[in-house]
Each structure stands twice: as C-alpha cells, then as structure tokens.
Amino acid sequence: MADARTPGWSRRAVLAGVGAAPLMGFAPGREAVKGDGSLKDHAGRAGMQYGAAVRASLLAEQPDYRAAVTRECNIVTPELELKWAWLEPQRGQLSFTSADAIASFAAATGKAMHGAALLWHLSIAPWAAEALADQPDWMIVRRFLASVIPRYGEVTHTWDVINEPMDMGHRMDGLRPSPYLAAFGPDYIRRALEDARLYAPRAKLFINEFGLDYDFPVERDKRYLLLKLLEGLKTSGAPIDGLGMQAHLELAKQAHFDPKVLAQFFDDVGSLGLEIRISELDVKEANGTLATAERDARVADAVRRYLDVAMANRAVGSITTWGLSDRCSWLDSPGGKAGPNRGLPLDAALRPKPMYHAISEAYALRGG
Ligand code: XIL
C-alpha cells in the first residue's frame, strides 16, 4: 500500500510503465483522435469536456466498463477515491493506491482527472472531525491539502475545494453547520481556497453545490445566498475560479424546472467572472410502472432541457455525469433510495440511451 513516503504519482512514471506509443499527442483533457462520435469527440470539437465519475475498482475489474470510459470521457472524476475518509482513514496513514490508479488510467488514456472533493462534511475522516471538534487547528486541514493536491498536479487541473457548503435553515448566510464551520467559522472557505492555490498554483478552484436547479423556495434561497458567498469571495480576492453545479435532476421535480430561472442563475455566476462546471449530472427516476422506452425518454428530456440552458452560457465549459452507465449509479446504493435507476447515458450493457444523445446534441449546440 502506498503511503505518504512513497514518491508522488507522476505521469512520467506512468508513461515509462505503459510505453509512449499510444500516448502520442497527449494533452490532458484534450482528445487527440477526432471523429469517432463519442461524447469526448463531440465535447472536444466544442472546446469542452465530457467526463464521468469513475471507480478504481470497476476500472480494474470490468474491461468493458474501462473501455467505455476510455472511449467516452476526456476527463474523469474519482467517485470516492480522493475523499479524505478514503485517503486517510487513520491519522497519518495515507493510502493513495486507488486514487493513483485513476490518475494513471487518466494519464495513459489522455484524459484529465478532476479532483473531488477536498473538504466535504460527509467525507471528512472521522478522526479529523474529532480532532477539529477538540481543537480548531488549521494545520490538520492544511496537512491533508498539502499531501493530496500536489501529488496529482500533472493530471488534475480543476479541484472541488469545498463541496456542499450551503444548507438552508440554519443561519442567515446559509452556510452549512459542518465540522469546518464549527472549527473555523465562515473563513474556512477562503483559507481552504488559499491553501489550494498555494499547492496548485495553476489549477482552477471550484466550490461544488447541489440543489440549485429547480424553482422551489429553498433552492431559490440557496441560489441567492450562494451568489452572495461567491460575490464576497471574489470581492475579497479569494482564489475562486468557478462553481460546480451538481445537477442531480429528479423527474418528480421537473414541473418546477424553469429555464428562465436557471439561465438567470448561470448569468449571475458568469457575471462574477466565474466558470461553471456541470459536475455530477444524473437523473433520479425509477418509475417501475412505465415502459423502459418512456422512462428513458423522460430522462433524456430532463437532460435536454437542462443542457439547453447550460449551453447557452459560455461560462459552462464542462459536463460530467455522476457515473457513465446504469450498471453503477450511486442512486442505486442503499443511501440513494432510488434504484433501479436509468439516469445515466449508457444502459447496464453499456449501450447508449436517449440521454447519451441528449448530451451529444448539447455539444452540437456549441459546434461539437
Ligand atoms: C457519492 C458517491 O457517489 C457514493 O458512492 C458515496 O457513497 C457518497 O458520495 N454529491 C457529491 C458526490 O458531491 O461526492 C457524492 O458521491 C454524490 C452527491
């Protein structure tokens, strides 16, 4: 098992390991071969990215899944493997094996890796949550950031530094009462961004958030207060480059989808000079009473309506789905409470569904 003392992951080592031939023309996040009709092909021609959340275990165990990710994506997000609880289950015992495997896969197949997520209340290592509750020592956070961020600097050019900082109903500023907020107050966000900038001077730094997509009062409040947060960060000169819109859509909420409201929000974020990544797109549906074709059509329709708005705004440069195939969706996990779900671009046999075409047509709106 790798630990903090093993040499850092490096693309050069990967290249030496796999041989340089298939990697001619390598450029992270860019597609070398064009015209195969894949999502990365469409994205690349639009000057954009298409990515999926991936798991190291599936890449290792399922060659057809690995081939599909290789074919479709020009960026990949580790679904679990970069999260604190995963990387450092015990204080000081860092295990980079799975994250390194994804970084190596990305480098060997000419993809970028998106770094998700550094500080997230749900993935903080339990020992760290306890330590921070005991004593608000920023060095605990800094040591983690310093051990992870530089290690993947060659392949990771975008990081979610803070994930899900907002939660309505607790405070006037809408900040979530997380272990980080409890220990350091609202300033933890700026401090984390500044440290991330220190360890990744050229990377783009994002705040990633969910529950911003529909016209419900709680989502309206969240959009408003998140904008205030972003505006404050920009005004104070904090190193923030963009917003990740998770975009976990739900068919049950589609009646509350208002393209004008979403477009206004994208405009407001873009006007702050921030980029927007659609970072975790999927659709919760699971309606066993409908025919499969109807379910797939509804999913694709929700995605099309969303991406029509997204593509109209030049601040949006990247779309990642939270998984690639219905074979493996977090919505089917016990915590997801929605399975069996058909809310990803490929079906369980890795065949493209209407959602896949909705995404490729979205890139076409930008010339892809
Ligand atoms: C989820 C993973 O998909 C699950 O497998 C894991 O058990 C929990 O985390 N929002 C996020 C992602 O920002 O990191 C979450 O990923 C899904 C919701």
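**Close-up views of a predicted model**

View 1. Residues are numbered from 1 along each chain as its sequence is written, and side-chain values use heavy atoms, without hydrogens or water. The pocket (on a 1 Å grid over the protein atoms alone, an open set of points with protein on both sides within 12 Å along at least five of seven lines) has lining residues with an atom within 4 Å of a point. Of the 37 lining residues, Glu 164, Phe 210, Gln 246, His 248 and Trp 330 lie nearest the centre of the pocket. Helix 5 (84-87), helix 11 (217-235), strand 8 and strand 9 (275-284) each supply at least two lining residues; helices (H or I, at least four residues) and strands (E, at least two) are DSSP runs, numbered from the N terminus.

**View 2. Which residues sit around the ligand?** Look for Arg 55, Glu 79, Leu 80, Lys 83, Trp 120, Asn 163, Glu 164, Gln 246, His 248, Glu 280, Trp 322 and Trp 330, each with a heavy atom within 4 Å. A polar side-chain atom of Lys 83 is 2.6 Å from a ligand oxygen. For Glu 164, a polar side-chain atom lies 3.3 Å from a ligand nitrogen.

**View 3. Two cavities of 30 Å³ or more are held inside the structure.** A cavity is a set of points where a 1.4 Å probe fits but cannot get out. The largest has about 70 Å³ of space, and its lining includes Arg 55, Tyr 65, Glu 79, Gly 323 and Cys 328. That lining divides into six nonpolar, three polar and three charged residues. The second largest cavity holds about 40 Å³. Among its lining residues are Trp 120, Asn 163, Glu 164, Arg 176 and Tyr 188. Strand 4 and strand 5 (158-163) each give two or more residues to the lining of this second cavity, which has six nonpolar, three polar and two charged residues.

View 4. Most residues other than glycine have a negative phi, and most peptide bonds are trans. The bond from Ala 116 to Ala 117 is cis, with omega near -15°, and Ala 117 lies in the loop between strand 3 (112-115) and strand 4 (119-120). Ala 247 has a phi near 55°, in the loop between strand 7 (242-245) and strand 8 (248-250). Leu 350, between strand 10 (316-321) and helix 14 (354-364), has a positive phi of about 70°. Is Ala 247 buried or exposed? Ala 247 is buried, with 1% relative accessible area, because buried means under 20% (1.4 Å probe, protein chains only). Leu 350 is buried too, at 11%.

**View 5. Asp 41 belongs to helix 2 (residues 39-45).** Asp 41 is buried, at 2% relative accessible area. A polar atom of the Asp 41 side chain lies 2.8 Å from the backbone nitrogen of Gly 35.

Technical notes
This is a predicted model: local features need pLDDT of at least 70, side-chain atom pairs count only at pLDDT 80 or more; totals for chains, interfaces and linings use all residues. Buried means under 20% relative accessible area, exposed over 50%, partly exposed in between (1.4 Å probe, protein chains only). A polar contact is a pair of N or O atoms within 3.5 Å; within protein, one must be able to donate a hydrogen and the other to accept it, and residues adjacent in sequence count only if both atoms are side-chain atoms. Grid points are joined across faces, edges and corners, and a volume is the space filled by probe spheres set on the points. Ala, Val, Leu, Ile, Met, Phe, Trp, Tyr, Cys and Pro count as nonpolar, Asp, Glu, Lys and Arg as charged, and the others, Gly among them, as polar.
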